[in-house]
Amino acid sequence: MKKKQGKDYWRSLEQIADTPQFREFLHREFPEHAWELDNSISRRNFISIMSASLALAGLTGCRRPVDKIVPYVAPPEELVPGQPFHYATSMPFGVGGYGLVVETHEGRPTKIEGNRLHPSTRGASSAITQASLLGLYDPDRSHKPLYRGVEKEWAEFVAFWHDLYPRYLQKKGEGLAIIAESTSSPTFFRLYEEFRKNFPEADFVVYEAVSDEKIYKGIKLATGQTLQPLYHFDRAKVILSLDADFLLTESGNIAATRKFAQSRRIQSENDSMNRLYVVEGVFSLTGAMADHRLRLPSSQVVHFAIALAGELQTLGLSLNISDLPDSIAADIDKKWLNVLARDLLASAPNSLLIAGRRQPPEVHALVAAINHAIGATGITVDYARPDGLIYPDSDAFASLSRKIESGSVTSVIILGGNPVYNSCADIDVKTVLGKVEHSVHLSPYIDETSQLTEWHLPQSHFLESWGDVRSLDGTLGIIQPMIEPLYDSHSSLEMMSLLVTGRDRRGYDIVRYYWQDILKGTDYEKEWRKILHDGLKESSAYPLMIPQIDHYALTESLKNLPQQEGAITAENLEIVFTVSPSLFDGRFANNGWLQELPDSMTKLCWDNAALLSFNTADALRVRNGDMVQINFRGHRLELPVWVMPGQADNTVSVSLGYGREKAGHVGTGVGFNSYRIRHSSSPDFGIGAIIQKTGGTYLLATTQDHQSMEGRPVVREASLEEYRREPDFAEKMVEHPPLVSIYTEHKYDEGYQWGMTIDLNICTGCNACTIACQSENNIPIVGKEQVHRGREMHWIRNDRYFIGDTDNPEVVHQPVACQHCENAPCEQVCPVAATSHDREGLNVMTYNRCIGTRYCSNNCPYKVRRFNFFNYTGKMAETLKMAQNPDVTVRSRGVMEKCTFCVQRISRARITAKKENRTIRDGEVITACQQGCPADAIVFGNINDPESRVSQIKKQNRNYALLAELNTQPRNTYLAKVRNPHPELENYKPLGS
Amino acid sequence: MNTTAKDTKSLDNPGTPLITGNQSFHSVTEKISGIVEAKVSPYWYLAITISSLLALVFFGSIGYLVWEGIGIWGVNVPVGWGFAIINFVFWVGIGHAGTLISAILFLMRQRWRTSINRFAEAMTLFAITCALIFPGIHVGRIWAAYWMFPVPNQMGMWPNFRSPLLWDVFAVSTYFTASLLFWYTGLIPDFATLRDRAKTKWKRLIMGILALGWRGGNRQWKHYELAYLILAGISTPLVLSVHSVVSTDFAVSLVPGWHTTIFPPYFVAGAIFSGFAMVMTLGILARKIFGLEDFITVNHLDKMSKIMLVTGMMVGYAYMMEFFIAWYSGNEYELFTFLNRAFGPYAWAYWTMITCNVLVPQLFWFKKVRNSIGALFVISILINIGMWFERFVIVVTSLSRDFLPANWDYYSPTFWDIATFVGSFGLFLTLFLLFVRFVPIISMAEVKGVLPQADPHHTAKEQAKG
């Protein structure tokens, strides 16, 4: 088996840097306690985190009683028991939202999918949108309003407000303050306007721990207006991302991935693909997709942007910025910069610059100006003037807290959010809340903030409330409930309506009332029904516009850039606060699916850590799992270290969203609260962090212990040029003898033969497939301790490998599910024939025949089989049982499970086809992972039909089967990855890497 | 047996008597029956207390396992098999010596076997008992483990005859059955002796039933010896087959480090190696405790040492051959697995194995070592440790790092893994202690057959002349 690889694959991280420290590190790679005698499994411990709080199972009596057994006396129209309904709705998120379609079984939403009609998703989804379903059924959600910790009725709160309402009305709202979350709901905005009218003296402040505030500020700086940028990655040939993780953690990531994949997808060696340059300090998912990645501390990105502007001007681009300040970052690689600048100009106007939300407004302004100058505006980036958005404003939040402290506020009403937890360390919301007479918190959980407020009111989940939302491009979407509220909860619209009008109205009536305005001039009922059906109002996006650049303001702001606080060294580190791709700002902390979802880059789950580069860890003499204390601007936090190759040297990044003190049974105490060292003077990154080793160690659970491919042809990759030279490089990477069997094998040439392809070239590794699969197939979560033991249950996992040097490696992702081998090694060794092949080529598991010898797993070369080591589903809370897909068996202890190619979806399609007396059409069966994939990298279908999409793709020359040399004949194949480096930068190592 | 005797002395080592101490038929009966009939020593009580407590740990661990699930062990994905399978192979291996000594050495007319065959066979049975428990409990749903047997059922399902685990079920249960019959057949004349010497009614009754009406008549002896010979013939291939089949659990899979054709002979050699080591350990203890120096002589130990030297070198050869083939095949996964065994995270286990199984037995080249009871005792225990680690290395290192590096993980046992393993020794020793208490640990009938009196002749010298 001779290998032919173009790339220099690592033997492993440590071996490549063969120093004694790394050798020691190598030992540490394997958990230190080889012969640990005890096991801290303590069942009790494990149960307490399992499946989102088993302990609460006993409390289910508090839930409103549901009579399930009694059949419908008058069944709803069209309802056939066992047949799911699909309803369109939207998930609000920041100043945008995602258009979704929700599958409901007998009135229970069980699965979230993207809405094909909606531009924000186009049928795809993300890990967070998928997992939000679990939040609905979370048994830790608060059930009843609380007044100083005592359960009350909603009516009592209404009475309480009726008492206050006239008084504040009289005072024009003086002394009243509302802290809300940002929203793009038109109805909410109308209510907001009424609120302003009724209470002109009141404070209305919007706080978000993570938001696009700086982007809007930057664009305002450049154009004088608050505009929403809309990126068209599909039209871009060259993309430069300045610290923007637009494929995963930035706003609009689903649409961005979809569009990015469009211009990245290739079918043959003759196609062209986009080229992605990324400049960033923290290795992001977008950085992993980059063709060229420049490692630069986040605080230096602004200097890079200025240097780029200068380079572009030198190359003849007219930016109209006089006196560009000299870039003070000396170590920006000149050649890299020059090639990038020329590349941007060469493909202009199909070039695109994008900056991340962490970057200061000046960077966004400069990026807008450059995009404008190269003609990209209107081609690869559009601007829309949003209408009726409630933007976050952290300055207003800070000044409100000062105002409250001064004592001039008597009542604070917090609509959603959790400011006690997620405000910056220098704003002490805890004390502030003590200063007011009345405080009210609307929140789905009794969280850190609710604990301190006078009133806590349960907030409805978006799947159980009425509402509306505009997505980033302005498309009006509707939020319709899938189920009656499980608890005595209310939506923020209902709450706002009560606050503004004093009337306790139902969400449905509120939305209907304000939509009369929106649908003015149409047949209201007809239009309303259509909107409910589609989930959105057609052509309701904001009008696009091309703004003028205010070069003077931009020049001025660039001149007045704040001075850098000293050089970045190991003693004076740059600290970066990153948003968690799973928990976001911490709001999903009690979501077990997201907690157990390994981070795409670090592969850590159930924790966050201080990420350091190899060199920095070396300089600080720390290793994976060492506890350190970070001291930043007088605030301290202890947390463990994780060494992350590709991180900029002398920077430390910590993820927000962890370390919740009161999240629920799943999220409380998981990870470390980095808000404690987040300072409002530099909420995203800042220089001056000091790291000290405390001497302790901490166990971090990772789903992948080994980071290198060991030179094995697992993920096969070539540059575009290599691919053109050798179109079948992927197949050629492995030489093997003819694959023959001594038996006459079954032919599998009749009927449907299911197969799948995964295009590694456009797969970003975003984990949407993993959660989609988890939701569809009732996959349990197992908790940190079990993950550490190597017992995670994900049916489709995302393998991540590093390639190249430890400082500036490339990263590849590979989703691996059951490969459905025609010649399956697992089947032969099962003593009870519990796993076998069906005639459509599926490798199927018979759960109730399985006795759990685990031999199949041992013999599976892909190790995709998952074993129920404990009864992971046994003590599931009653509410969580409602989240299960009734079409899929819930597995018990002691049986093996694995990907089934969503056999329940195949069956459903087969039944439908049979009823209509036809064969299953291509594309009729969509597996959950395929449906979730925002890049459309997964294609499933009948490989026996030469016209099917999957057959067509399997004919492509990049197609290869993983470990084909074992003659397993997998039905799942991969399309090799192709990178598109600039010819002048191929294999070029930029300065500082 | 006495009818086949040609020489009063060992044929393969003339000049060294098989039984020393100038024993007569009567003294042999007295000595060996005496062990069973004598007042129970307090040491025996102490020993059985400890061992049965350990056995309790064993059954307690199994109880907890059934209650909670396989998760109490350290197994994971990718290492789906851990201590349970290691222990299974280990105990099956131990169980090899008994039948080998009884059957193969019997067919080869190795008359020195008579002193050790009884307790070696007993050891085999107890080891197989321990071994059989592990595959039963290592499955995820223990209550459904019987589905591995081809029992007619309402599901209309046969087990999967292509699965090596199923072959195991047949191989090991057949071996156990054959060994049990063989052992019991050998015991019949001795049970009759005990019956005849019994002083209490109950003992006479029980031993009478067990002796199956044995009277020691000529015709009975004729049939008995034929039956014994046939059973030996049946058992002989089983000795070779059982561990060959066990090895196919690994060899038939495609895991690098398991997928090798050398496994069957290599496993059989290893099993004999470990089985003899265990016989040696127990034999040395028995001769010391019960004063059987005349029956289990240094000569016997010397012979066993030589067998261990040979089988140890076979095992060492297999280790080398695996490496050679891994390199010679050019298969990168195979080569990696073996390098990983020797230099990877489990190198400590690998080198323990090499030391105990290959280096330590080299001491057997020295007669001084072979004749030193203390040295033999220590070495025999080391060999058993080494052979346990051999199975650990095979099972764990291969699985922990197979094809896709993303799957690699480290396996470490939990408290329950170790408790179950240690507890299985409790069960083994308890059964063995009960055996030494109630059953003659040396075959009286057969030992008498190798005494000079059994073959009344002139001295060998005279015979040679004549």
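The model is predicted, so a pLDDT of at least 70 is needed for local features and 80 or more for side-chain atom pairs, while totals for chains, interfaces and linings use all residues. Residues count from 1 along each chain as its sequence is written, and chains are lettered from A, with ligands numbered from 1, in the order in which they are written.

Let's start with strand S10 (residues 275-280) of chain A. Helices here are DSSP runs of H or I with at least four residues, strands are runs of E with at least two, and both are numbered from the N terminus. Six of the six residues of S10(A) are buried, so the strand is largely enclosed by the rest of the structure. Buried means 20 or more other C-beta atoms within 10 Å of a residue's own, exposed means 12 or fewer, and partly exposed is in between, with C-beta atoms placed from the backbone. A:Arg275, A:Tyr277 and A:Val279 point one way, A:Leu276, A:Val278 and A:Glu280 the other, and all are buried.

S10(A) pairs with strands on the following terms: DSSP has to find at least two bridges. Strand S9 (residues 238-242) of chain A runs parallel to S10(A) and is joined to it by five bridges, with A:Ile239 opposite A:Leu276. Getting from S9(A) to S10(A), the chain passes through helix H8 (residues 253-264) in a right-handed β-α-β crossover (clockwise from the first strand over the helix to the second, with the strands pointing away from the viewer). Strand S11 (residues 292-295) of chain A is also parallel to S10(A), via four bridges, and A:Val278 sits opposite A:Arg293 there.

Over in chain B, the axes of helices H2 (residues 42-68) and H15 (residues 415-438) come within 7 Å and cross at roughly 140°. That makes the two helices oblique, given that under 35 degrees is roughly parallel, over 145 roughly antiparallel, 65 to 115 roughly perpendicular and the rest oblique. Their contact has 18 nonpolar residues, eight polar and one charged.

| Site | Angle | Loop |
|---|---|---|
| B:Val77 to B:Pro78, cis | omega about 20° | H2 to H3 (83-94), chain B |
| A:Arg854, not a glycine | positive phi, about 65° | S33 (843-845) to H27 (855-859), chain A |

A:Arg854 is buried, with 27 other C-beta atoms within 10 Å.

Technical notes: Axes fitted to C-alpha atoms, helices over the stretch in contact; angles between N-to-C directions. Nonpolar A, V, L, I, M, F, W, Y, C, P; charged D, E, K, R; others polar.
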